[in-house]
Amino acid sequence: MNNEIKAFVFDVYGTLFDVHSVKKKGDELYEGKGEELSKVWRQKQLEYSFLRQIMGSYESFLTITRDSLRYALHSLELKDVKVHEDALIAEYTKLSHYPETEKVLSQLNHKKLAIFSNGSHDMLDPLIKQSGLSPFFDHVISVDEGKQYKPSPASYTLVLKELGVKREEVLFMSSNGWDISGAKNFGFRAAWINRGGLPEEELGLSPDSIYSDLNGILEWK
């Protein structure tokens with residue numbers, strides 16, 4: 001679709017991997033409460049990353065993930081046991097990737113492929129390794145390297161520094177509408193992987209393309 005694109009850059013959580021695959025472990029530990037726990041946990045995880053960015057009180061995504069899990073347990077009046085916390089946190093290094101992911105990545109091997117995530121390397125590296133997707137990626141970039149969470153403009157500069165490309169040479173993929181808005185605001189081309197069939201964010205920053213899964217981005221290869 002666009003020969004100017006030199007790098008395909010992927011968000012991780014919700015884009016390549018299903019964050020709600022943790023609900024199975026949640027069901028085991030809390031008797032069928034896994035889905036509700038997963039939803040509150042994810043919502044608070046995002047809120048805490050945004051709040052810490054605004055407040056200028058950066059903590060790694062692993063810390064935020066544990067703090068938001070504790071909030072979710074307390075809000076649902078579930079017993080907060082350290083061994084249960086540890087088991088659920090460990091699930092974030094074992095998330096299931098979406099069924100089309102590997103096939104799509106294998107068809108982009110002529111392009112520079114990178115991951116760019118709010119996740120810290122202590123979460124990302126074991127996740128990518130266990131998934132078998134490591135060989136597809138030239139770079140795994142974490143905002144932890146710059147201590148600025150997406151969607152702040154400063155966070156996206158890490159991609160340019162790491163990949164040695166211009167903004168307009170990047171196609172950025174995310175399932176998160178707020179992340180797509182941030183990428184467009186920064187100057188990336190952006191493909192929204194709208195797995196949930198949600199409406200566009202009302203921020204005046206429409207994605208270049210919208211797809212229901214990763215298969216759609218093959219138009220850009």
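Mentor: A polar contact here is a pair of N or O atoms within 3.5 Å; within protein, one of them must be able to donate a hydrogen and the other to accept it, and residues adjacent in sequence count only if both atoms are side-chain atoms. By that rule, eight residue pairs are in polar contact across the interface of domain 1 and domain 2, both residues at pLDDT 80 or more. The model is a predicted one. Across this interface the rule for salt bridges finds zero.

As for the two parts themselves, the domain assignment gives domain 1 as 5–15 + 94–218 and domain 2 as 18–90. Their C-alpha centres are 22 Å apart. In contact are 21 residues of domain 1 and 17 residues of domain 2. Between them the domains bury about 1,600 Å², and 61% of that is on carbon and sulfur atoms. On the side of domain 1, Leu95, Met123 and Tyr149 supply 37% of the area buried against domain 2, more than any other three residues. The residues of domain 1 that touch domain 2 comprise eight nonpolar, eight polar and five charged.

Glu31 is in the loop between helix H1 (23–30) and helix H2 (34–55), and its phi is positive, near 45°. Glu31 is exposed, at a relative accessible area of 76%. Glu77 is in the loop between helix H3 (61–75) and helix H4 (82–91), with a positive phi of about 55°. Glu77 is exposed as well, at 74%. Most residues other than glycine have a negative phi.

Key:
Residues are numbered from 1 along each chain as its sequence is written. This is a predicted model: local features need pLDDT of at least 70, side-chain atom pairs count only at pLDDT 80 or more; totals for chains, interfaces and linings use all residues. Side-chain values use heavy atoms; hydrogens and water are left out. Domain bounds come from an automatic or database domain assignment. Contact means heavy atoms within 4.5 Å. Buried area is the accessible area (1.4 Å probe) that two parts lose on being put together, summed over both. A salt bridge is a side-chain nitrogen of Lys or Arg within 4 Å of a carboxyl oxygen of Asp or Glu. Ala, Val, Leu, Ile, Met, Phe, Trp, Tyr, Cys and Pro count as nonpolar, Asp, Glu, Lys and Arg as charged, and the others, Gly among them, as polar. Helices (H or I, at least four residues) and strands (E, at least two) are DSSP runs, numbered from the N terminus. Buried means under 20% relative accessible area, exposed over 50%, partly exposed in between (1.4 Å probe, protein chains only).
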